[in-house]
Amino acid sequence: MRFALIMTRQNISLLGSTGSIGCSTLDVISHSDGAMHLCALAGHSNIKLLIEQTQQFKPKYVAVTNPQTASEVDKSLFPDGTILLKGPESLIQLAQLPEAQTVVCAVVGRAGLESTMAALQASKRVALANKESLVIGGELVIEASKKYNAPLLPIDSEHGAVFQSLRAGNHSEIKRVVLTASGGPFREYSEQQLQSVTLEQALAHPTWKMGKKITIDSATLMNKALEIVEARWLFNLTAEQIAVVIHPQSYVHSMVEFVDGSVIAQISPPDMRLPIQYALTCPERTPGPASQMDWSVCHKLDFFPPDMTQKRFKGLSLALKVVKYGGSSACVMNAANEVAVQYFIEGKIPFLEIVSTCCKAVDAHLQSGFIPHPTLDELIQIDNQTRQWTQRELDALANA
Ligand code: NAD
Ligand code: MG
């Protein structure tokens, strides 16, 4: 038994360990009875937490990716023998570590793209939380997963649910994938109320505790927009095969409807430790720390169709349009969103301006600069150009 455990121990490199997904991943690892071993950690700027994590898990490697923080870090604060890496390039190094079989990509935003690609190119098993990688470079990410025989397992709860539900049928039998959305904190707000939403209100998500950026994305529904594109690539779907339904309780994480009318769903309390664990153990299942259903109480599950004519759902229509166009359009949607979210966090633009900016950026790009099959370098260039374009637009708006 002991021998079997050692033989099957999974060595994990965790990129973005200090974030919400990073911390939940560590909890899953610590409940794995030694079946999972952490060999590397990367964090950006929360040194205090990174040191605590290193002391608890004793990985061989630790990386500090923010150059400013890295230049100030004191190596003696880490346990003896830890190999300390510094700067953004260290993410690539940890994504390709020979001793890691699995890489958990839990960095937020566009900063995760190159390390996701690097892990796939090194034929790692990639547990992907960083949905932005797939949104920006979906075609290249999927190609790399196939070419390098690197399994790509979704951590996002909706995609984890679809991934599990798909085990009930073949790809040719899919009628559509139904992504659930909690609807965020403003599900019942009027358009007028949405205009004066504050940062504090936008950060109070009703069902999930997450990092700041994805919490704002959930409030604008841009998170669901990103997830539509993520589903398109992960499951090779057309825009017509992707539907979204508002499900405020966040218990049904998503569903697959098959051609015969059967709908297979995955249900569990909202707790990211379950999809993280499944991405690390599948096709097997093991007991773990995630909260379990309590069947001794009454549960009510509501589903509402989003009214796509309303302004609040504009992000969903944008994502479906981006799926239809493909190419570089989703990269633009993502870059504009990242910049606009930052402007909203800094109090420079109103809430509704986030999605409007994404729509304008995509429209401008489709008129000029669109590339049907961009390379990674082209995507990086388009991402940079879109960030500059969005900053100019939003600065003009803020100063008007
Ligand atoms: P977070 O903000 O809590 O954590 C982000 C992590 O990325 C931190 O460890 C931070 O140090 C690191 N990071 C930030 N900027 C970086 C940079 N420039 N270079 C390298 N590292 C950097 O975010 P989160 O909520 O854990 O989300 C992480 C990813 O997982 C996102 O892509 C998000 O969309 C996705 N996701 C999160 C949840 C959730 O419940 N939190 C659910 C599904 C998907
Ligand atoms: Mg999700």
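Q: What makes phenylalanine 351 count as buried?
A: In this predicted model, phenylalanine 351 has a relative accessible area of 4%. Buried means under 20%, so phenylalanine 351 gets that label.

Q: How many aromatic pairs turn up in a search of the whole structure?
A: The search finds 5.

Q: Why is the pair of phenylalanine 163 and tyrosine 278 called edge-to-face?
A: Their planes sit at 65°, and over 60 degrees counts as edge-to-face. The ring centres are 6.3 Å apart, and the cut-off for a pair is within 6.5 Å, so these two rings do pair up, edge-to-face.

Q: Which helices does that pair link?
A: Phenylalanine 163 belongs to helix α8 and tyrosine 278 to helix α13, 115 residues apart.

Q: Why does the pair of phenylalanine 186 and phenylalanine 351 count as edge-to-face?
A: The planes are at 80°, and the label needs over 60 degrees. With the centres 5.2 Å apart, the pair also falls within 6.5 Å.

Q: What makes this pair a tie between parts of the chain?
A: Phenylalanine 186 is in the loop between β8 and α9, and phenylalanine 351 is in the loop between α15 and α16, so the pair ties together parts 165 residues apart in sequence. Both also belong to a cluster of ring pairs with Tyr189 and Phe344.

Terms used
Residues numbered from 1 in each chain as written. Chains lettered and ligands numbered in written order. Predicted model: local features only at pLDDT ≥ 70, side-chain atom pairs only at ≥ 80, totals over all residues. Heavy atoms only, no water. Phe/Tyr/Trp six-rings, centres within 6.5 Å; stacked < 30°, edge-to-face > 60°. Helix = DSSP H or I, 4+ residues; strand = E, 2+ residues; numbered from the N terminus. Buried < 20%, exposed > 50% of the residue type's maximum accessible area, 1.4 Å probe, protein only.
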